Amino acid sequence: MGDPPPSAGRDTGGVTSPRAAAAAVPLSDVVAIAVVVLFGVLPFPDELFRTRGLLVVVALLPVVVIPWRRRRPLVALGVSLACTVVVALAGTLSPSALVAVVITAFAVTDRTRRTVGIACVGSAALVVFLVAAVPLDGELFDSRAMQFVTFVVLAGALGDATRSRREALAAVTERAERAEQDRDEEARRRVVEERVRIARDLHDVVAHQISVISLSAGVASSSLETRPDRAREALTTIRSASRTVLADIGGLMALLRAEGDGERQDLHPQAGLDQLDALVARFADVGLHVDLRRAPGAVALSPASDHVAYLALQEGLTNAHKHGAGDRAVVELRHRDGVLALTVTSPLRAGGAAVPTSGHGLRGLRERVASVRGRVETSRADGEFRLDIAVPAERAAVTAASGSRR
């Protein structure tokens, strides 16, 4: 039991009631005081343990400091030990003072550092061992004195065990709380990462196709009366792009809703550079002529790097189509030292809006390329916008293949 609550005695004008005063004293203190007083007034048959006159007051003096043994354990032990020495020098072994020494010895090892507690309890046991020889006529190893020395040492050991158990329990609790906090932080981090991944995937799925639909709709609108055949081709492109984006969004939703790996078996594999020709053809259908330049040979990419390289080219061509001047772009694929270098170059609009360098698309592209230890650089020179992507290869596996130009 701890200190009384602040509201104790509120209804009595600031005067604490007897019941509240009794509740203010912990039960363990009441028991300890009762034991000390009981050993001080019991009529022991052995004259060695009987205290008379003022020695009774000295023997019972430790009851004053026993309630302080938790906050001031060293003071409580010192007072109890001093009373024991005074009574012993008067020719009596006071059981009440010795019991107070035992109780405060437990408090010292329980409430102080281990080294301090062991040193103090050891010193107290030595003092009891030596002063007991005075009323025993110099007999140091008398069993009546040795039992109290044993009790002091045992109380110190029990106090140390109690303190160790409390510290171990506190350490376990702290570790559990820290682990729970780490789990919460890890969960929040995973949620943020998942949101970013979903945003990137959604952009990759939607942005390109929506751009194709928007530009094709503009072509169809402007060519509807003058060139119906051109408008018909644009509407066909819109229809194809709409189906593609719906299928891609459906696949993405299925992936997000999947709870196990078994539900993902019907999803299409991720696109890679083997579909680059089809990507270029789709842009050609909407009016962007791509000059594809491949250097001789090739490098082997991991599935993740292959997909990232494909998305990088798709993002670069989309930006060239939306923001570039004219209807052309140049794509170059080169490899050196086990690194695949991709470059997308497109003309800038004179005096108009330039290709953005910090939009969500390029930001997501940089994050994706960085996830495979690659890098992205953008630059403007000689009226052209240049997007450079470097993707590390899984291994340098150069094959004999001639470059093709388109």
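**Figure 1. The span of residues 53-69.** The end C-alpha atoms of residues 53-69 lie 27 Å apart. The span is 41% helix and 0% strand. Helices (H or I, at least four residues) and strands (E, at least two) are DSSP runs, numbered from the N terminus. This is a predicted model in which local features need pLDDT of at least 70 and side-chain atom pairs count only at pLDDT 80 or more, while totals for chains, interfaces and linings use all residues. Residues are numbered from 1 along each chain as its sequence is written, and side-chain values use heavy atoms, with hydrogens and water left out. The UniProt annotation "transmembrane region", from an unreviewed entry, covers residues 20-41, 53-69, 75-108 and 115-133. UniProt positions follow the numbering used here, feature names are shortened, and annotations may be inferred rather than shown by experiment.

**Figure 2. Surroundings of Leu60.** Leu60 is found in helix H3 (residues 54-60). Leaving out residues up to four places away in sequence, Leu60 touches Val36, Val37, Gly40 and Ser96. Contact means heavy atoms within 4.5 Å. Ile33 is 27 residues from Leu60 in sequence, and their C-alpha atoms are 9.2 Å apart in space.

**Figure 3. Helices H4 and H5.** Residues 75-108 are 85% helix and 0% strand. The end C-alpha atoms of this span are 9 Å apart. The axes of H4 and H5 come within 8 Å and cross at roughly 160°. Axes are lines fitted to C-alpha atoms, for helices over the stretch in contact; angles run from 0 to 180 degrees between N-to-C directions. H4 and H5 are therefore roughly antiparallel to each other. Angles under 35 degrees count as roughly parallel, over 145 as roughly antiparallel, 65 to 115 as roughly perpendicular and the rest as oblique. The H4 and H5 crossing is left-handed: a crossing is left-handed if the near helix is turned anticlockwise from the far one by less than a right angle, and right-handed if clockwise. On the H4 side, the contact uses Pro73, Leu74, Ala76, Leu77, Ser80, Leu81, Cys83 and Thr84. On the H5 side are Ala97, Leu98, Ala100, Val101, Thr104, Ala105, Ala107, Val108 and Arg111. By class, the contact of H4 with H5 has 13 nonpolar, 3 polar and 1 charged residues. Ala, Val, Leu, Ile, Met, Phe, Trp, Tyr, Cys and Pro count as nonpolar, Asp, Glu, Lys and Arg as charged, and the others, Gly among them, as polar.

**Figure 4. Helices H5 and H6.** Helix H5 (residues 95-111) packs with helix H6 (residues 114-131) at an angle of about 165°. Their axes are 9 Å apart. That makes H5 roughly antiparallel to H6. The crossing of H5 and H6 is left-handed. H5 contributes Leu98, Val101, Ala105, Val108 and Thr109 to the contact. H6 contributes Gly117, Ile118, Cys120, Val121 and Val128. By class, the contact of H5 with H6 has 8 nonpolar, 2 polar and no charged residues.

**Figure 5. Helices H4 and H6.** Helix H4 (residues 73-89) and H6 pack at an angle of about 10°. Their axes are 10 Å apart. H4 and H6 are therefore roughly parallel to each other. Leu74, Leu77, Leu81, Val85 and Ala88 of H4 meet Val116, Cys120, Ala124, Val127, Val128 and Val131 of H6. By class, the contact of H4 with H6 has 11 nonpolar, no polar and no charged residues.

**Figure 6. The open sheet.** Its 5 strands have the order S1-S2-S3-S5-S4, with mixed pairing. Two strands pair if DSSP finds at least two bridges between them. Strand S1 (289-294) and strand S4 (375-381) are the edge strands; each pairs on one side only. Neighbouring strands are turned by 15° against each other on average, direction ignored.

Figure 7. S1 and strand S2 (residues 328-336) pair in the parallel sense over 6 bridges. Asp291 has Val330 in S2 as its bridge partner. For Arg294, the bridge partner in S2 is Leu333. Helix H9 (residues 276-285) lies across S1 and S2, running at about 160° to S1. Helix H10 (residues 303-323) packs on the sheet, touching S1, S2, strand S3 (339-347) and strand S5 (384-392). The direction of H10 makes about 10° with that of S3.

**Figure 8. The hairpin of S2 and S3.** S2 and S3 run antiparallel, joined by 7 bridges. His335 stands opposite Leu340 in S3. The hairpin has 2 residues between the strands, and Asp337 takes a positive phi near 55° there.
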